[in-house]
Amino acid sequence: MHKHILRALPLLAALALLATTGCSRKAEPEPSAAPSIQPTATVAAPIAETESATSWAPVCFAGPFDYSYQDACRAVAIRRFEQNGIVYFVADVQLSTADGFRTQIADSGTATLTELVSDCDAVLAINADDYGVHKYGTIIHNGTLLRAHETTRSMLIVDANGDLHVRVDRSGEDPQALGEELLAQGVRQSFEFGPELVRDGQPMAFPSDFDLISTSPSRREPRTAIGQIGELHYAIVVADGRQEDYSIGMTLPELQQIFVALGAQTAMNLDGGGSSELWFRGQILNSPCNGAEHSLSDVLYF
């Protein structure tokens with residue numbers, strides 16, 4: 001294991017919550033003392049809201065949950081954690097079909113996350129890669145190719161089955177041909193950011209030539225990232241940062257280890273900093289570092 005991964009372990013030492021047999025959505029979340037993630041819970045706490053015949057997998061972390069929801073199409077459980085000066089949220093998302101993994105783009109320029117999901121049947125939403133503020137990468141949203149341009153970024157691909165894949169080596173790539181190939185394969189979404197965090201359940205070493213953001217093991221920032229636990233089963237982590245009296249931010253190795261602890265087989269970092277936001281049923285749950293919602297060109301929602 002790499003030395004920078006080992007430095008993340010003190011955060012994981014706090015990952016031990018007692019399992020609960022029930023949960024409910026609260027209007028105001030309560031901070032969790034000495035939080036932890038239990039990735040191998042054998043009994044899922046019930047996800048409250050509406051009646052549904054859908055059978056959901058165990059949630060990838062133990063309750064009690066601060067927020068939860070379910071209907072016939074999706075099940076969501078969210079827990080707020082606070083440890084070692086870091087405030088972060090973990091969301092477990094399960095879908096009944098791959099069509100439930102969707103994106104929304106701004107009609108003109110940018111808009112806030114709240115504005116972008118106002119006309120959507122969204123329960124949970126996060127910022128994505130903010131593709132509109134740069135010209136790079138092959139961008140597919142909801143099965144439509146929006147752009148094909150060369151890049152050195154990492155690409156997160158959501159295939160026709162809702163499975164996540166990360167494309168890292170972009171050398172010698174024909175962006176237009178890649179976009180057409182992905183569409184032919186039924187790819188529904190692609191996001192350009194990075195770095196890749198987890199592959200086959202293991203933390204990935206960061207490429208030395210990855211220069212989109214700093215991969216220094218000591219660099220703390222607000223973070224947004226997504227990973228896959230199993231079939232149509234995802235984990236999302238949103239960490240607050242740049243707020244010394246509230247949350248100092250999360251390092252990439254710490255982010256990796258959370259996904260490993262959750263049991264993620266694949267995970268990738270998305271846009272962070274002032275863009276990091278977690279929206280749930282009309283509320284921004286986290287505390288954006290600029291004190292207000294950031295204008296975005298796209299969001300990912302369920």
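Trainee: In which strand is the place of L145?
Mentor: This is a predicted model, in which local features need pLDDT of at least 70, side-chain atom pairs count only at pLDDT 80 or more, and totals for chains, interfaces and linings use all residues. Residues are numbered from 1 along each chain as its sequence is written, and side-chain values use heavy atoms, with hydrogens and water left out. Helices (H or I, at least four residues) and strands (E, at least two) are DSSP runs, numbered from the N terminus. By that numbering, residues 144–149 form the strand that holds L145, namely β7.

Trainee: Is L145 buried, partly exposed or exposed?
Mentor: Buried means under 20% relative accessible area, exposed means over 50%, and partly exposed lies in between (1.4 Å probe, protein chains only). The relative accessibility of L145 is 23%, so L145 counts as partly exposed.

Trainee: What separation is there between the C-alpha atoms of L145 and G179?
Mentor: A contact means heavy atoms within 4.5 Å. Leaving aside neighbours within four places in sequence, L145 has contacts that include Q176, G179 and L183. Along the chain, L145 and G179 are 34 residues apart, yet their C-alpha atoms are separated by 6.6 Å.

Trainee: How many residues of helix α5 are buried?
Mentor: Helix α5 spans residues 252–262 and is mostly covered. Its buried residues include L252, I258, F259 and L262.

Trainee: Which residue just after α5 takes a positive phi?
Mentor: Just after α5, a positive phi of about 95° is taken by G263.

Trainee: How many disulfides does the structure hold?
Mentor: A disulfide is a pair of cysteine sulfur atoms within 2.5 Å. C60 counts as buried because its relative accessibility is 2%, and C289 counts as buried at 17%. As for disulfides, the structure holds zero.

Trainee: What is the average pLDDT of the protein chain?
Mentor: The pLDDT is the predictor's confidence in each residue, from 0 to 100. At least 70 is the score of 82% of the residues, and the chain average is 87. Over residues 1–10, however, the pLDDT is below 50, and over residues 12–47 the pLDDT is likewise below 50. The average asked for is 87.
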